[in-house]
Amino acid sequence: MLAKVMSCAVVGLEGAIVEVEVDISPGLPSFTIVGLPDAAVQEARERVRAAIRNSGCTFPMKRIVVNLAPADLKKAGPAYDLPIAVGILLSSEQIYADASQTIFLGELSLDGSLRHTNGVLPMVALAYKEGFFTIIAPDADAKEASLIEGAKIIPITSLPQLVSYFRGEIPAPEYKPDEAEDYAPPAPTTADLAYIKGQEHVKRALEVAAAGGHNIIMCGPPGSGKTLLSRSLASILPPMTTDEALEVTKIYSVSGLLPSDTPLIRERPFRAPHYTISNAGLVGGGHWPRPGEISLSHHGVLFLDELPEFGHAVLEVLRQPLEDKRVTISRAQGSVTFPANFMLVGAMNPCPCGYYGDPFRPCTCPPSLVSRYRRRISGPFIDRVDIFVEVPHIDYEKLTDDRLGEKSDKAQARVKAARSIQRKRFQGTRLTCNTEMTPSEVREFCQLEESGHSLLKAAMKQLYLSARAFHRILKLARTIADLENTDIIKAHQLAEAIQYRPRQLV
Ligand SMILES: Nc1ncnc2c1ncn2[C@@H]1O[C@H](COP(=O)(O)OP(=O)(O)OP(=O)(O)O)[C@@H](O)[C@H]1O
Ligand SMILES: [Mg+2]
């Protein structure tokens, strides 16, 4: 007899409906899975066989063929265990149910219990969009699945429980959200700007960067506080909107990095990969493309500490995603696109010994070493940076000053206000902040006051700015103007933006 059960696959970050057809016919006992399954799906045969036996049911000793349709879509991972098991039980008439409008997801363990499955959020989102409102998912993933409003989630802990439910022996298990847990306040951040002495101009630059989502690179001698300042950026970034949070959660769900107690990621990601990272680790990749660090920092911060140590090749792969805000990875089976709208924050020393240009301590590097060190960061990479700020050595008086600086929440309030201006400006478009503007939007929204034009013209000539730098300066000036809530960009705001322009490092 033939049975059909619906399930879901994840392609990139999106779901795709998969129909699991099970046919049991008389003949020599065999169990075949067709429809481009990968090794994990093939292994489902062993898990399903043991799980059915250990759940008090009978595994039919007949010829079993499982087809995963559409046949041209590659199927990966263990999420098909449950639909295959249900298909076999339906087909062998051990249970009776109309499963045509229900989506089944979940990995089985040999004793029949259901395990956590990656990518539940994108799969439930697609199922709901396609009109499948009932989803049977592992109990461990019910919280994540329930983020899709309106979907009816039936959390299942084991195959025997599901069999009893289908046989009418128990009522449908229901997911009860734990409200108190859902609205837990975010953990306090330890890196408050108030505890960082001096470096006021760097704090200002960080505030501007946070307000418009701009890239920033900090350069200075060892121990001047670059790493400390970068980490404190998380404390002034505005909270994510619900849509942004859902997007980020999808990425973490597909990557298997979603903590089981945090169904929805509410805090902006802050990723700080070590400089030994590979290209694939940074932009994403693998046989089945998985999101890399740039996608894991979507809507958040990608912090590259000791920037030149990342090496020329790794930094070059960032060039395209820095412009496009997404990355497309092509493999023989097809290509997938992951979002990568991140804020790049870099920290670096000016030379290998760290004291090049320091007024107090001489640099001991030969000039050729300095230029080789700086050449690791190419011109095109530097051209994509909005803010370049020097972090000088901090002296005794400032460091021992007991007065606390301004707290992060004050700076965050200004950032939030600037972001809300941007949200209003970009209402109805896909843009969220100033850094994402394309040249046409720059022309529309970045109006300069009269004296600004001559200033910009002079800067273009003297600093030999590229067309990209021209647009980037205007976008940055727009953010500085938003922080002061002015509609037309004033000359002093433009001047501040120009002064952040990276010096040519190469
Ligand atoms: N402005 C500051 N206020 C208070 N403490 C500071 C400041 N700058 C540095 N420190 C202290 O120095 C330590 C080292 O700072 P940090 O790691 O940020 O330096 P860095 O600039 O990243 O150095 P490196 O170039 O070696 O990586 C901090 O953990 C902190 O204790
Ligand atoms: Mg450091």
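Throughout these legends, buried means under 20% relative accessible area, exposed means over 50%, and partly exposed lies in between, with a 1.4 Å probe and only protein chains considered. The model is predicted, so that local features need pLDDT of at least 70 and side-chain atom pairs count only at pLDDT 80 or more, whereas totals for chains, interfaces and linings use all residues. Residues are numbered from 1 along each chain as its sequence is written, chains are lettered from A and ligands numbered from 1 in the order in which they are written, and side-chain values use heavy atoms, with hydrogens and water left out.

**View 1. The whole chain, for orientation.** The C-alpha atoms of the chain fill a box of roughly 85 × 45 × 45 Å, taken along the principal axes. The chain holds 22 helices and 18 strands, these being DSSP runs numbered from the N terminus (helices are H or I with at least four residues, strands are E with at least two). Of its 506 residues, 53% are buried, and the chain exposes about 23,100 Å², of which carbon and sulfur atoms supply 53%; accessible areas come from the Shrake-Rupley method with a 1.4 Å probe, and for residues only the protein chains shown count as cover. Among contacts (heavy atoms within 4.5 Å) with a separation of 6 or more, 74% join residues 24 or more positions apart.

View 2. A nonpolar core is a set of buried Ala, Val, Leu, Ile, Met, Phe, Trp, Tyr and Cys residues joined through side-chain atoms within 4.5 Å. The largest one has 48 residues, of which I216, M218, L233, I387 and L494 touch the most other members, and its largest share, eight residues, comes from helix 21 (residues 467-483). A second, separate core of 41 residues includes V48, L82, L89 and F104. In soluble globular proteins, nonpolar side chains tend to be buried together. Leaving aside neighbours within four places in sequence, I216 is in contact with A205, L206, A209, L344, V345, G346, I387 and V389.

**View 3. The surroundings of ligand 1.** Ligand 1 is surrounded by 15 residues, of which the closest are K197, G223, K226, T227 and L228; a residue belongs to this shell if one of its heavy atoms lies within 4 Å of the ligand. Helix 9 (residues 226-232) gives the largest share of the shell, three residues. On its own, ligand 1 has 640 Å² of accessible area, and the protein covers 67% of that.

**View 4. Helix 6 and what covers it.** Six of the eight residues of helix 6 (residues 159-166) are buried, namely L159, Q161, L162, V163, S164 and F166. Their cover includes helix 2 (44-53), helix 3 (81-91), strand 5 (102-104), strand 6 (107-108), strand 8 (134-138) and strand 9 (152-156). Helix 6 is followed by G168, whose phi is positive, near 80°.

View 5. Most residues other than glycine have a negative phi, and most peptide bonds are trans. A cis peptide bond, with omega about 0°, joins A69 and P70, and P70 is found in the loop between strand 4 (63-69) and helix 3. L36, not a glycine, has a positive phi of about 50°; L36 is placed in the loop between strand 3 (30-34) and helix 1 (39-42) and counts as partly exposed because its relative accessibility is 37%. H299 also has a positive phi, near 65°, in the loop between helix 12 (293-296) and strand 14 (301-305), but H299 is buried, with a relative accessible area of 10%.
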